[in-house]
Amino acid sequence: MSELSVNHLLGIKYLNKQDIQLIFETADHFKEVINRPIKKVPSLRDITIANLFFENSTRTKLSFELAEKRLSADVLNFSSAQSSVKKGETLIDTVNNILSMKVDMVVMRHPNPGAGVFLSKHVNASIINAGDGAHEHPTQALLDSYSIREKLGGVKGKKVVIVGDILHSRVALSNIFALQLQGAEVMVCGPKTLLPKYIDKLGVKVETDLRKALNWCDVANMLRVQNERMDISYFPSTREYTQQFGVTKDLLNSLDKEITIMHPGPINRGVEITSDVADSDQAIILDQVQNGVAVRMAVIYLLASKIKQ
Amino acid sequence: MSQKVLLNAKAINIILHRLACQLIERHHDFSNTVLIGLQPRGVFLASRLAKILTEDYKIKDIKLGQLDITFYRDDFRRSDKPLEANATKINFLVEEKNVVFVDDVLYTGRSIRSALTAIQSFGRPKEIELLTLIDRRFSRHLPIQPDYRGRQVDVINNEKVKVNWTEQDGEDAVYLIEK
């Protein structure tokens, strides 16, 4: 078995096709492990991992923490809300203080794009990016692709549309890189104001008509409208957004084929998708969450195996 | 690199039948017994034994599983090569069962130590036994001995015992390879 080509997981753009393949094959084994009566393996019992969350998170943080615990790693949790960051400590100082307590790996979410890359150059630990601003969220993209692979048998040649707020979305960027690396066709769809200029230069199709986009795709990944990142109004009202870009059961039923619906969470029910879509058989939202633990276990395991004693 | 044949196909076949008979002697109709082949190479031996028990000795409903011990090994981050995981397929609980671990070669005993930990994830067995085709004598790092052994051999440390199976390698044979 090969190794990962990287020592940190900073973004999908630093990975190659074989890395993704290796992560998925390893995740298959961990998915079997987390469905056992006893869901824990002792592999990482001599590894300590710090989860540094400089930005709010529920799902990702719980998922990482569970993945670490299922691998028997020791876990430190840190969130900036109750810390010395508020007192003016710099990022490198904060992390080096934590590392001097002998931590081997850092999982970090940070509001600034590139925070993970910056940290990896200045501290001596494996870094996993759990989301850096509007840049990348690699483990989310990996679990999304893994869920597509599980549901449709593969990613290559599949048509995936990413719908919604592409401009502020790290999930969108990581997904585009991950899907293209595996040979899928990618389209982005949303209001013009929320589509970055020149996004087509990444080799993705651009569409502003949701019905056309859904008729084209095999999978629709519905992103959340990130109100907290919007400094100005990008669309007139939530109601108008829902009318144009919200997926309803009626809309899905009127398509020629059955498509798969994904959502990275948290869902704004009734905004980007209605409740009956979110709870339907076409949605694999909760599978994504379960796969998230297996994929994160695989990433942590593979990176940890590169930390030499 | 030179190699010498320790066992040929005929000898292996005789040994497999003897091992099957020894298993029957202890486990009768296998109603409370499960065979667990250890990944990667113990699974061939386990499925051969299951086949002989079913076809030649008419024992019905043999429970057969495959256990991968990669995540339970004690040399994670210590070995130069990355550890390669294999599939675990145990679709029954081993609670209160008589478990027989099946592996091709017993050498240091470390894989068996890992397997003893790994099997706990599937319940608490009544007892665990060990069956190996080849027992490398005088090379154990841990106090582990087989309950059923095909052939005991004395091999020095820079030599390797390789068991080939028709399913994977195109022939049944056991070689002693000098590195």
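**What the terms rest on**

Reply: In chain B, 67% of the contacts with a separation of 6 or more are between residues 24 or more positions apart. Keep in mind that this is a predicted model.

Me: How many of the residues in chain B are buried, as a percentage?

Reply: A residue is buried if 20 or more other C-beta atoms lie within 10 Å of its own. Of the 179 residues in chain B, 37% are buried.

Me: Which helices and strands does chain B have, and in what pattern?

Reply: There are four helices and eight strands in chain B. Along the sequence they follow the pattern β-α-β-α-β-β-α-β-β-β-α-β.

Me: Now chain A. What describes the packing of H1(A) and H11(A)?

Reply: Two packed helices are described by the angle between their axes and the distance between the axes. For helix H1 (residues 17–33) and helix H11 (residues 285–304) of chain A, the angle is about 115° and the axes are 8 Å apart. The crossing of H1(A) and H11(A) is right-handed.

Me: Which residues in H1(A) and H11(A) meet?

Reply: In H1(A), the residues include Leu22(A), Ile23(A) and Phe30(A); in H11(A), they include Val295(A), Met297(A) and Leu302(A). By class, this contact of H1(A) with H11(A) has eleven nonpolar, one polar and one charged residues. Lys31(A) is among the residues that meet H11(A), and Lys counts as charged.

Me: What makes S2 and S4 of chain A edge strands?

Reply: The open sheet has four strands in the order S2-S1-S3-S4 (chain A), with parallel pairing. Strand S2 (74–79) and strand S4 (126–132) of chain A each pair on one side only, and these are the edge strands. Neighbouring strands of this sheet are turned by 15° against each other on average, direction ignored.

Me: How do you know that S1 and S3 of chain A pair?

Reply: Two strands pair if there are at least two bridges between them. Five bridges join strand S1 (residues 48–53) to strand S3 (residues 105–110) of chain A, and the two run parallel. Ile49(A) stands opposite Met105(A) in S3(A).

Me: Where does H4 of chain A lie?

Reply: Helix H4 (residues 115–122) lies across S3 and S4 of chain A, running at about 165° to S4(A).

Technical notes. Residues numbered from 1 in each chain as written. Chains lettered and ligands numbered in written order. Predicted model: local features only at pLDDT ≥ 70, side-chain atom pairs only at ≥ 80, totals over all residues. Axes fitted to C-alpha atoms, helices over the stretch in contact; angles between N-to-C directions. Left-handed = near helix turned anticlockwise from the far one by under 90°. Contact = placed C-beta atoms within 7 Å. Buried ≥ 20, exposed ≤ 12 C-beta atoms within 10 Å, placed from the backbone.
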